[in-house]
Amino acid sequence: MITPGNAIAFTIALPLVGCLIIWLLDKKPNLREAATLATGWLLLILSVIVFMAVGEGHRPGYQFFEVIDGLPLAFRAEPLGAMFGVIASGLWLVNSVYSIGYMRGGNEKHQTRFYMSFAVAISAAMGVAYSANLFTLFIFYEVLTLSTFPLVTHKGDANAARGGRVYLGVLMATSIGLLLPAIVWTYAITETTDFTVGGILAMHVDAAGPIVGVLLGLYAFGIGKAALMPMHPWLPNAMVAPTPVSAFLHAVAVVKAGVFSILKIVVYIFGIDLLKDTGASIPFMWIAAISILLASAIAMHKDNLKARLAYSTVSQLSYVTLGAMLATSMGVMGGATQIAAHALGKMTLFMCAGAIYVAHHKTLISEMRGLGRKMPWTFGAFFIGAMSIIGLPPLAGSWPKFFLMLGAADAGQLAIIIILMISSIMNVVYLLSIPVQAFYMNPAEEGEKAQGAGGKGIDWGNLSEAPILCLAPPLFTAAGAFVLFFLADDLHTYLLPLIGGG
Amino acid sequence: MNMIAQLPVLPVIVPLVLAPITLLLPKGRAPHLYATFVSWATFAACIFLLREVAEAGVLSYHLGDWAPPLGIEYRVDLANALVLVLVSGIAAVVFPFAYRSVQLEIDKHQSPFFYGALLICMTGLLGVTITGDAFNVFVFLEISSLSTYALIAMGARRDRRALTASFNYLVMGTIGATFFVIGIGLLYQATGTLNMADLHDRLAGQNSRVIDAGFAFILVGIGLKLAMFPMHLWLPNAYTYAPSAVSAFLAATATKVAVYVLIRFLFTVFGFDFAFLGAAFTWVLLPLGLAGMFVASLVAVFQEDVKRMLAYSSVGQIGYMLLGLSFATVEGVSASLVHVVNHALMKGALFMAVACVVLRAGSHSIHAFAGLSKRMPYTTWAFLISGLSLIGVPLTVGFVSKWYLLTAAFAAGHWYAGFLIVASSLIALLYIGRVAEVMLLREPATEGKYVIAKQDAPLSMLIPMWILVAANIYFGVNTDLTGDLARRAAEALMLTAGAG
Amino acid sequence: MDGWVEFALGRYNYWIVIVLMMTGLYIVFARGNLVKKVVGLNIFQTSVFIFYITIGKITGGTAPIYWKKDVYYGGDHGDGHGDGHSSEDAHDANATHEVADHGEASTSLHDKIDNDLATNDLKAALENVEADHANETTTLHEAPEGAEKIANDALAASGDKIESSFKVDKDALEAMKDTHAEAGADAAAHGAAYAESGLQYVYSNPLPHVLILTAIVVGVATTAVGLALAVRIREAYGTIEEDELVAMDNVAEFGGEAEAAAS
């Protein structure tokens with residue numbers, strides 16, 4: 001019988017079984033892809049079961065075994081994790097559909113390895129989502145890093161090797177060099193690593209008080225996946241990967257696992273009251289704010305679409321970190337909703353980028369002028385995604401910005417509000433300009449630089465869109481961003497226990 | 001005279017008596033099968049021994065029925081039972097593994113000598129571990145060392161530098177052993193006994209220059225044997241040019257046993273009553289451990305030869321063990337013991353993977369590893385997983401070691417050491433990552449001497465290697481055996497050492 | 001001055017040890033010829049042999065003699081070995097030594113037979129023994145509390161015989177009572193004779209000699225292996241001079257393919 005507790009265990013195990021099946025079906029691509037999709041559906045159902053149970057106030061858990069005395073490999077769902085679990089598994093399903101279209105459209109090599117790595121990665125992401133203690137979180141965090149390495153270096157050329165080196169180097173160096181000692185230090189002080197409402201360090205203020213700032217720094221930079229500057233270089237470098245990888249892992253699972261971990265640690269390990277009282281998080285709040293602006297500034301002059309999106313991700317991730325470091329309940333709420341909203345928005349953008357690549361092999365933004373008239377659906381979805389990221393209603397992205405500003409006001413950090421506003425304006429410049437150019441400018445002809453608006457309208461009879469498997473998913477997520485806007489109240493209520501309400 | 005009563009002597013007597021018979025066997029398959037069988041029998045005896053000790057507590061065996069402290073006592077407690085199982089277990093895996101590798105690397109007419117010497121080497125290491133008599137330690141240490149010199153020199157068929165490496169090791173090893181025996185002599189002069197437990201009792205409360213000098217001689221002597229930085233210079237060449245199977249065996253056992261001897265002398269023989277001990281921890285083991293962790297690991301990064309890289313890495317890893325000891329806490333000592341076991345597992349597997357590459361590519365240069373994932377996938381993955389273990393990635397034994405070490409460091413208040421430990425792990429990431437990248441992302445050589453066929457190592461090598469790799473994962477997930485035993489062993493050691 | 005001279009000359013064998021040790025080590029490190037290195041190692045090891053023999057000589061010591069096989073063999077801890085090992089500089093006059101046997105085993109050899117044991121008062125004897133112990137006089141052993149009563153019983157039973165008791169552990173006491181009763185007469189007499197004569201016998205403790213025999217065997221083996229290696233190196237390289245070997249290895253290392261060893 002599937003209880004929510006078992007369901008958690010299955011969410012970890014199922015993709016691994018799926019991975020095995022994919023391996024066995026190496027020579028039969030259709031069956032292999034069917035296995036991926038079936039796994040995706042089951043996984044989504046399981047995570048929804050967990051999600052519902054958490055919504056009813058349960059905290060389902062599952063413990064595998066103790067690895068080291070007092071340190072079990074254990075899982076326990078709470079609102080934030082349950083939400084992340086649903087987002088990750090839901091988007092994985094969407095992404096699998098998209099991957100099939102992309103990989104077949106591009107005739108990529110080593111597809112079996114690709115789907116296998118993907119399955120392991122999603123298993124790890126679920127492990128991070130439901131982890132009941134820091135120890136478990138760290139284990140799955142590392143598994144996530146390693147399982148995505150084959151994906152990043154999928155192309156296997158020198159470029160991929162360099163990107164992979166930076167990717168693995170930064171993520172492993174930060175996690176082993178900073179995160180691991182931080183966890184052990186926490187363990188040495190509190191003798192537990194369990195995520196506990198109110199924060200375990202808050203219960204040991206005597207011992208932890210003087211080093212809260214140091215520990216918070218170790219966590220904030222140690223979780224390299226959160227891409228807080230200057231730990232961000234892995235993200236743009238990971239863009240050498242095929243687009244589905246970028247879309248899912250570097251816009252959703254990996255980076256979200258990072259900021260999710262930061263939120264979870266701030267809420268359940270430190271406790272926002274502890275941070276508020278000690279003021280330890282203020283410097284990191286500023287670092288996050290600077291990250292937001294700097295990354296946006298870099299994004300503005302990137303011509304490569306994926307690179308621009310990557311820096312946009314760096315910037316957007318720092319919203320979550322910023323929300324956590326504000327150490328107010330509204331800040332945390334803003335960070336949590338940003339995880340969901342940004343996942344939908346950025347997923348849409350990346351999948352559109354991939355669709356453009358599959359259909360026209362274009363990667364530079366300057367080459368995409370006028371392309372909107374050939375693939376209006378793709379750029380339409382892109383437009384919606386971009387609006388959501390910017391934070392315009394009626395799209396999901398507007399809520400996190402709203403909560404964050406409220407949180408900043410609560411914390412008395414008016415400068416942060418101004419920074420958020422500047423950042424939104426920058427987002428408008430570098431994100432909206434892409435579909436606008438695609439729709440309204442003429443293509444750059446050979447040898448001359450075409451400028452100016454105008455030109456022909458869309459020739460609906462003669463579109464050259466990407467294959468349907470590449471097109472439908474971004475449309476679906478774009479619609480999701482729209483729907484989520486109206487579900488914000490439910491989401492807010494759902495996440496209330498996080499900040500001690502509900 | 002039931003078998004249980006005789007159990008403690010079996011791990012030494014069985015291979016010691018049976019080893020020479022190897023030479024009488026016809027050349028070819030027979031010596032190998034025979035030696036494999038002997039090593040398995042020894043392993044079985046060690047496992048029984050560990051079970052006995054875990055249940056019944058310390059076992060004492062009087063050799064020739066002469067009671068200690070006059071007679072030689074074999075004394076098995078948890079700490080050495082663990083090391084016994086480790087050494088014999090690695091041997092039980094290396095022997096079946098060795099056949100193809102030996103076939104390639106060693107003259108056929110030498111192969112009976114090879115297996116005989118390897119058995120004797122194992123005997124020596126087991127003897128060092130099991131004995132409770134200080135002078136006996138020296139004798140067994142030399143038994144294992146002498147056979148090791150011969151084994152390393154057998155690498156000369158592939159590369160004559162094995163001979164000079166072996167000679168240098170002989171010189172350093174003999175100096176180390178002689179220092180050790182001088183130290184034992186001084187202790188005997190001061191106490192009149194050679195039995196370790198008895199030594200401990202009689203040293204209690206004594207403080208004289210004789211004992212101080214003895215301590216220093218012993219520390220330096222063992223330091224040479226265990227390649228404590230900066231006394232490690234013999235090790236890289238010895239491991240590099242030894243026959244591949246020998247490298248795998250030595251890297252996994254020889255230095256581990258030396259670490260065990262160090263632990264035994266520091267805690268069981270001297271103990272905290274001995275005023276010098278604290279100073280030795282603070283001013284010798286701690287700084288040398290840290291220095292080894294960094295200097296040797298950094299040197300490893302720049303090696304073109306994978307075997308030599310792993311050898312330097314071993315020196316660095318010994319630094320971790322010394323560091324754990326230097327905390328002089330239960331956590332620290334158990335971290336050291338855990339790392340002794342874990343490092344043996346990972347280094348054994350890594351050297352075995354290199355042996356597989358040598359079998360197919362005929363070289364252990366990093367260039368031979370280019371594109372290996374496309375040529376020898378199972379070997380590549382074995383190398384990768386054990387390499388990750390060396391770095392300390394979760395779900396591997398390396399992580400368990402790091403975790404124990406870090407908690408010990410923070411609990412002992414040496415938080416800076418905690419950061420240095422992880423910093424040094426990152427250096428491991430560099431050198432393992434370098435090989436990993438070559439294996440995974442570089443194209444296989446299509447011309448030149450590093451061209452290899454698309455053919456993985458034979459099953460006789462893959463299976464033993466993957467047993468070790470599986471152990472790397474199993475003990476990384478389930479620490480009931482290693483962690484708990486090490487902790488109990490450390491508690492017992494600290495108790496005898498008089499921690500308070 | 002006299003004190004210094006005496007200090008130096010009285011320990012002449014230690015000086016020999018040190019000089020030989022340093023000479024050996026110097027040869028090992030300074031000489032490039034591999035055979036000379038092996039010889040240096042030999043000299044170094046020889047110094048250790050002499051050191052062990054030196055500490056085997058004990059002024060005024062006696063051989064530890066046990067009677068009654070089962071007295072000695074029977075006990076787990078109950079040995080009364082009196083093999084001395086006082087060093088000249090540490091405890092000169094200490095001919096024999098006390099066995100500190102974890103507080104449960106005991107030995108009852110003795111020397112002051114007339115004074116102590118003859119009174120049949122073991123308690124007094126014990127006190128005496130302890131006092132002797134403190135004074136570092138020539139005493140053997142101590143008898144822990146548990147042994148007292150049995151010893152007393154035994155003494156009473158055997159009249160003028162001198163007896164001692166060996167206790168292994170409490171359970172074994174009763175069983176061993178009888179077998180222990182005859183322990184000790186001869187050795188006691190020896191010890192007493194030495195103690196009373198005031199002569200400084202130089203006693204050779206056999207144990208270090210045995211140890212050093214073992215070490216010599218090890219040393220011979222090491223030398224054999226070392227020389228064999230030198231022979232092989234000579235075959236493979238054509239020289240046994242270290243610097244030439246290093247130069248050739250460097251060529252192999254940095255100058256391309258290592259040549260196959262001549263074998």
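**Chains B and C, and a hairpin in chain A**

Chain C and chain B bury about 4,600 Å² between them, and carbon and sulfur atoms give 67% of that area. Buried area is the accessible area (1.4 Å probe) that two parts lose on being put together, summed over both. This is a predicted model: local features need pLDDT of at least 70, side-chain atom pairs count only at pLDDT 80 or more, and totals for chains, interfaces and linings use all residues. Residues are numbered from 1 along each chain as its sequence is written, and side-chain values use heavy atoms, without hydrogens and water.

**The interface of chain C and chain B**

- The side of chain C takes in helices H2 (12-30), H3 (34-56), H4 (69-74), H9 (206-237) and H10 (242-254), each giving two or more residues. Helices (H or I, at least four residues) and strands (E, at least two) are DSSP runs, numbered from the N terminus.
- H9(C) gives the largest share, 15 residues.
- In contact (heavy atoms within 4.5 Å) are 58 residues of chain C and 47 residues of chain B.
- The count of salt bridges is zero. Such a bridge needs a side-chain nitrogen of Lys or Arg within 4 Å of a carboxyl oxygen of Asp or Glu.

**The hairpin in chain A**

- Strand E1 (residues 61-68) of chain A runs antiparallel to E2(A), and five bridges join them. Two strands pair if DSSP finds at least two bridges between them.
- A:Gly61 stands opposite A:Arg76 in E2(A).
- Two residues lie between the strands of this hairpin, where A:Gly70 has a positive phi near 80°.
- Strand E2 (residues 71-76) of chain A is largely enclosed by the rest of the structure, because five of its six residues are buried. Buried means under 20% relative accessible area (1.4 Å probe, protein chains only).

Conventions. Chains lettered and ligands numbered in written order. Buried < 20%, exposed > 50% of the residue type's maximum accessible area, 1.4 Å probe, protein only.
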